[in-house]
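Biologist: Could you take me through how to read the charged contacts and the surface of a model like this one?

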Amino acid sequence: MMDVIDIEGVLEVEALSFSTPWTKEAFYQEITKNQFAYYFIAQLGGKIVGYCGLWVVVENANITNIAVHPEYRKQGIGEGLMKGAVDMAKMLGAEKLSLEVRVSNEGAQHLYKKFGFQPGGIRKRYYTDNQEDALVMWVNL
């Protein structure tokens with residue numbers, strides 16, 4: 001599980017992964033104030049190489065974000081993080097798990113489909129950096 005001391009490492013992954021990265025304060029609030037939030041990190045040799053955020057509210061769970069450092073992609077890290085999130089959601093009694101993904105991010109969509117996620121709709125102009133649509137994906141747990 002992610003702790004406050006992990007935020008700096010997560011911020012590096014975040015900045016390398018997203019054009020509009022979350023702030024240090026946003027991560028701090030998530031892990032210290034949000035009772036519904038669970039954040040996982042992946043480390044190699046003491047370096048944070050990925051993370052995943054999960055919200056679980058009663059029977060519904062949502063992946064808030066997932067990212068792997070570009071130098072460590074395609075090594076199963078993202079898959080491991082997703083497995084951890086799915087397992088945690090199930091353990092906490094969630095019945096459904098959802099996420100949003102850029103319609104252009106076919107690699108991520110492929111990963112999510114491995115876990116049974118199916119397309120459930122489009123959120124028009126969801127991403128503020130370029131107004132790209134988000135594909136909403138769901139899986140029944």
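**Salt bridges, pocket and surface**

Modeller: This is a predicted model, and the count of salt bridges in it comes to seven, where a side-chain nitrogen of Lys or Arg has to lie within 4 Å of a carboxyl oxygen of Asp or Glu.

Biologist: Which parts of the chain does the pair of Lys114 and Glu79 link?

Modeller: Lys114 lies in helix H4 and Glu79 in helix H3, 35 residues apart, so that the pair links distant parts of the chain; the closest N and O atoms of this salt bridge are 3.2 Å apart.

Biologist: Is Glu132, which forms a salt bridge with Arg102, buried or exposed?

Modeller: Buried means under 20% relative accessible area, and Glu132 is therefore buried at 13%, as is Arg102 at 18%. Their side chains meet at 3.2 Å, N to O, and Arg102, Asp129 and Glu132 are linked in a network of salt bridges.

Biologist: Which residues lie closest to the centre of the largest pocket?

Modeller: The largest pocket holds about 1100 Å³ of space, and of the 34 residues that line it, Phe18, Ile66, Asn105, Ala108 and Tyr112 are the closest to its centre. Strand E3 gives the most to this lining, with seven residues, and the lining as a whole divides into 15 nonpolar, twelve polar and seven charged residues.

Biologist: Which residues form the nonpolar patch on the surface?

Modeller: Phe36, Trp55, Val57 and Val58 form that patch, with about 350 Å² of accessible area together. Val58, in the loop between strands E2 and E3, counts as exposed because its relative accessibility is 64%, and exposed means over 50%.

Methods: Residues numbered from 1 in each chain as written. Predicted model: local features only at pLDDT ≥ 70, side-chain atom pairs only at ≥ 80, totals over all residues. Heavy atoms only, no water. 1 Å grid on protein atoms, 1.4 Å probe; cavity = no way out; pocket = protein on both sides within 12 Å on 5 of 7 lines; lining within 4 Å. Points joined across faces, edges and corners; volume = space filled by probe spheres on them. Helix = DSSP H or I, 4+ residues; strand = E, 2+ residues; numbered from the N terminus. Nonpolar A, V, L, I, M, F, W, Y, C, P; charged D, E, K, R; others polar. Patch = residues over 30% accessible without salt bridge, like charges linked within 9 Å, V, L, I, M, F, W, Y side chains within 5 Å. Areas by Shrake-Rupley, 256 points an atom, 1.4 Å probe, with all protein chains shown as cover. Buried < 20%, exposed > 50% of the residue type's maximum accessible area, 1.4 Å probe, protein only.
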